[in-house]
Amino acid sequence: MDKLKPNRKSVSSPQSIDRINIIISESWDEIWSIVQQRDRAIQATYRQKLRSLFQKCSDTY
């Protein structure tokens, strides 16, 4: 049963969290740009799926 347990801690140390915060804050503009690009791509995909579903429904009826 011990083999099923992960070999890592489930919680980050305060030092790790501080380091992550520093990395994010130093490159926030780049990170935010990537987040916005991904959001636009996801929204476009959702819109396309909705259009496709609407088209299928309107073709059926």
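Q: Which residues make the nonpolar surface patch of about 450 Å²?
A: Quick caveat first: this is a predicted model, where local features need pLDDT of at least 70, side-chain atom pairs count only at pLDDT 80 or more, and totals for chains, interfaces and linings use all residues. Residues are numbered from 1 along each chain as its sequence is written, and side-chain values use heavy atoms, leaving out hydrogens and water. A patch takes residues with over 30% relative accessible area and no salt bridge, joining nonpolar side chains (Val, Leu, Ile, Met, Phe, Trp, Tyr) within 5 Å and like charges within 9 Å. A salt bridge is a side-chain nitrogen of Lys or Arg within 4 Å of a carboxyl oxygen of Asp or Glu, and areas are Shrake-Rupley with a 1.4 Å probe, counting only the protein chains shown as cover for residues. Here the patch is Ile20, Ile24, Trp28, Trp32 and Val35.

Q: Which helix gives the most to the nonpolar patch?
A: Helices are DSSP runs (H or I, at least four residues), numbered from the N terminus. Both α1 (14-26) and α2 (28-60) supply at least two patch residues, but α2 gives the most, with 3.

Q: How many aromatic pairs are there?
A: Rings of Phe, Tyr and Trp (its six-membered ring) pair if their centres lie within 6.5 Å; planes under 30 degrees apart are stacked, over 60 edge-to-face, the rest tilted. That rule gives 1 aromatic pair. The ring centres of Trp28 and Trp32 are 5.7 Å apart with planes at 25 degrees, so the pair is stacked. Trp28 and Trp32 sit 4 residues apart in helix α2, so about one helical turn separates them.

Q: Why does Trp28 count as partly exposed?
A: Buried is under 20% relative accessible area, exposed over 50%, and partly exposed in between (1.4 Å probe, protein chains only). Trp28 counts as partly exposed because its relative accessibility is 42%; Trp32, at 41%, is partly exposed too.
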